Amino acid sequence: MNFEHLIQINDPENPLVDSLTRDQLWQGLLHRVENPIPFLPGLESCTILERQANELLRELDFGPAAIQDRVTLTEAHWVRFDIVPSETHAGGSLTISIEEPEPTFLFLRFAYQTTLATNPNSEERAYIEYVKSAYHQSDVDCVRIIRTLAAGGEVQ
């Protein structure tokens with residue numbers, strides 16, 4: 001299953017929404033890379049196993065399950081999380097890209113690639129729609145956490 005969506009970060013026409021700079025948005029994404037616990041419910045710990053210039057290998061401990069993911073990034077543009085396939089997880093990826101179609105109009109594009117089938121006649125269709133909804137809510141929460149960090153707040 002491939003699934004992607006945009007979340008608008010800045011809306012210059014809405015003074016009730018605090019604007020973020022591209023750098024603030026990028027710093028929030030780096031926080032998600034270095035300390036994913038506030039971003040991933042159920043995550044107990046994250047250990048960085050390898051670090052290179054633009055790549056990390058992490059182990060994510062969810063208690064009963066541990067997965068490894070490889071994180072690659074291009075500064076101030078995008079970050080990609082690739083789950084390393086294992087006996088317990090088939091793998092998949094998430095790419096989060098910063099888009100700026102016009103100055104100060106910032107968006108985050110979340111693009112998922114999973115091993116779920118996307119056959120519209122499949123009995124899994126309701127499950128797939130649930131997964132898409134859960135991904136979207138997780139991404140909305142991600143933006144909320146980034147806004148909290150940018151405002152100098154603490155995240156749990």
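Seven strands make up an open sheet, ordered E1-E7-E6-E5-E4-E3-E2 with antiparallel pairing; strands (E, at least two residues) and helices (H or I, at least four) are DSSP runs numbered from the N terminus, and two strands pair if DSSP finds at least two bridges between them. At the edges stand strand E1 (2-8) and strand E2 (45-52), each with a single partner strand, so one side of each has no neighbour in the sheet. From one strand to the next, the twist averages 20°. This is a predicted model, in which local features need pLDDT of at least 70 and side-chain atom pairs count only at pLDDT 80 or more, while totals for chains, interfaces and linings use all residues. Residues are numbered from 1 along each chain as its sequence is written, and side-chain values use heavy atoms, leaving out hydrogens and water.

Now let's look at the helices. Helix H1 (residues 22-34) lies across E2, E3, E4, E5, E6 and E7, and runs at about 170° to E6. H2 lies across E1 and E7, at about 35° to E1. Axes here are lines fitted to C-alpha atoms, for helices over the stretch in contact, with angles from 0 to 180 degrees between N-to-C directions; contact means heavy atoms within 4.5 Å.

Back in the sheet, E5 and E6 run antiparallel and are joined by six bridges. Beyond its neighbours within four places in sequence, serine 97 is in contact with His77, Trp78, Phe107, Leu108 and Arg109.

Alanine 76, in the loop between E4 and E5, has a positive phi of about 65° although it is not a glycine, and is partly exposed at 22% relative accessibility. Threonine 104, in the loop between E6 and E7, is likewise not a glycine and has a positive phi of about 75°; its relative accessibility of 48% makes it partly exposed.

Notes: Buried means under 20% relative accessible area, exposed over 50%, partly exposed in between (1.4 Å probe, protein chains only).
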